[in-house]
Amino acid sequence: MARLPVRDDLVAVEPYGAPQLDVPVRLNVNETPWPPPASFTEHLAKRVAALEMHRYPDRRAWALRLALAGRFGLPPEQVWAANGSNEVLAQLFQAYGGPGRRMLTFRPTYSMYPEIARTTATGHVEGDLDEDFRLTAAIATEAVTRFDPDLVVLASPNNPTGLSVPPAVVRAVHQAGRALVVVDEAYMEFADAASTASATSLIGDCERVVVVRTFSKAWRMAGVRLGYLLGPDWVVDDLRKVRLPYHLDVMTQEAGLVAVDLAAEVTAHIPTIVAERDRMRRALTDLGVHVFASDANFLLLRTEVDDLFDRLLARGVLVRDFSRHPRLAGCLRVTVGTPEENDAFLTATKESLDV
């Protein structure tokens with residue numbers, strides 16, 4: 001029997017994902033290099049043992065949403081949770097995208113946005129960040145006026161470039177059109193709170209702004225797959241219309257609850273990551289490498305060495321190659337790892353540049 005062909009728009013599509021190679025130093029997917037503390041796994045093990053696995057989970061994930069709401073001073077009706085921030089984004093596209101609607105992003109940015117747009121049959125239009133990879137109010141409002149999108153997705157801090165979007169720019173985007181403005185703050189916990197404000201400050205004031213966050217990065221729980229949304233209650237109501245039944249399993253909900261209970265311990269490593277990021281940037285600059293400013297747990301760098309990715313890989317260090325992406329010629333992205341991993345990366349970079 002002949003196979004049923006895939007949708008026409010998916011024929012030439014390659015599955016999304018960074019290379020997963022067995023090398024000594026993996027700094028390519030922005031994971032936190034340390035697992036959660038022992039207190040987290042001990043508490044979680046006790047609570048998982050008491051779960052009723054034969055019962056369906058609470059499809060509202062109410063206890064988890066209540067706990068998250070308490071962290072942000074919001075009612076639980078304005079919080080949503082799903083399997084990673086990518087599922088939250090997919091649900092937003094299902095609810096507010098689709099045929100005849102379109103999303104606006106600004107290049108370069110997270111490559112999953114167009115992937116989700118395609119699989120939800122949502123049109124995709126693009127503007128460009130400025131030469132320093134910053135989004136200004138002027139650039140943003142011009143693009144919103146020109147394209148009149150239904151969705152605007154802003155990564156803050158932006159991936160792979162690293163800079164945050166100021167709330168004033170988010171507000172300008174909101175005021176310039178009718179779109180739902182989605183601010184993806186997957187890395188916001190790594191930003192300097194004294195100089196970098198979260199778009200959560202706009203919730204309630206700007207009625208079409210939502211913030212999406214994740215437990216995968218700063219919370220050390222990439223393997224758990226848990227993300228959440230903060231925004232108007234009507235958005236949460238609409239997402240309930242597209243979510244699958246019982247979409248968030250009992251163990252994931254319990255892991256989120258334990259993490260919130262032990263937030264100070266689970267996120268205690270963040271100052272170390274920030275200090276290492278700044279150390280790596282200084283060291284790379286001293287090697288003559290151009291390094292872009294970053295508010296995240298990674299750095300984007302640009303060199304004239306065409307095969308730097310391969311030279312690093314040959315020395316056992318895996319980073320992310322963005323050199324073939326629009327506007328990112330010669331660019332690699334490196335995740336901030338342990339001090340030992342970062343030293344290995346810096347040594348490999350120096351050796352590669354000296355070849």
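This is a predicted model: local features need pLDDT of at least 70, side-chain atom pairs count only at pLDDT 80 or more; totals for chains, interfaces and linings use all residues.
View 1. Beyond its neighbours within four places in sequence, F40 is in contact with M221, A255, V258, A259, L262 and V266. F40 also belongs to the largest nonpolar core, which has 84 residues. Together with F106, L154, F215, L301 and F345, F40 is among the residues that touch the most other members of this core. Helix 8, residues 250-261, gives the most to the core, with five residues. A second core of 24 residues is separate and includes W80, L92, F93 and V236. In soluble globular proteins, nonpolar side chains tend to be buried together.

**View 2. E265 and its contacts.** E265 is found in helix 9, which covers residues 263-266. With a relative accessible area of 39%, E265 is partly exposed. Not counting residues up to four places away in sequence, E265 touches P37, S39 and R220. The C-alpha atoms of E265 and P37 are 6.9 Å apart in space, although the two residues are 228 apart in sequence.

**View 3. The aromatic pair of Y16 and Y110.** The model has nine aromatic pairs. In the pair of Y16 and Y110, the ring centres are 6.4 Å apart and the planes stand at 90°, so the pair is edge-to-face. Y16 lies in the segment before strand 1 (25-26), and Y110 lies in the loop between strand 3 (102-107) and helix 4 (112-119). The pair links parts of the chain that are 94 residues apart. Y16 is partly exposed, at 37% relative accessible area, whereas Y110 is buried, at 15% relative accessibility.

View 4. Y187 and F298 form an edge-to-face pair, with 5.1 Å from centre to centre and 85° between the planes. Y187 is in the loop between strand 6 (180-184) and strand 7 (209-214), and F298 is in strand 10 (residues 298-302), so the pair ties together parts that are 111 residues apart in sequence. Y187 and F298 are both buried. The charged end of R333 sits over the ring of F298, 5.6 Å from the ring centre.

**View 5. An aromatic cluster.** F72, F215, W219 and Y228 form one aromatic cluster. F215 is also one of the residues that touch the most other members of the largest nonpolar core.

**View 6. Cysteines C206 and C331.** The model has zero disulfides. C206 is buried, with a relative accessible area of 3%. C331 also counts as buried, at 0% relative accessibility.

How values were computed. Residues are numbered from 1 along each chain as its sequence is written. Side-chain values use heavy atoms; hydrogens and water are left out. A disulfide is a pair of cysteine sulfur atoms within 2.5 Å. Buried means under 20% relative accessible area, exposed over 50%, partly exposed in between (1.4 Å probe, protein chains only). Helices (H or I, at least four residues) and strands (E, at least two) are DSSP runs, numbered from the N terminus. Contact means heavy atoms within 4.5 Å. A nonpolar core is a set of buried Ala, Val, Leu, Ile, Met, Phe, Trp, Tyr and Cys residues joined through side-chain atoms within 4.5 Å. Rings of Phe, Tyr and Trp (its six-membered ring) pair if their centres lie within 6.5 Å; planes under 30 degrees apart count as stacked, over 60 as edge-to-face and the rest as tilted. A charge sits over a ring if NZ of Lys or CZ of Arg is within 6 Å of the ring centre and within 35 degrees of the ring normal.
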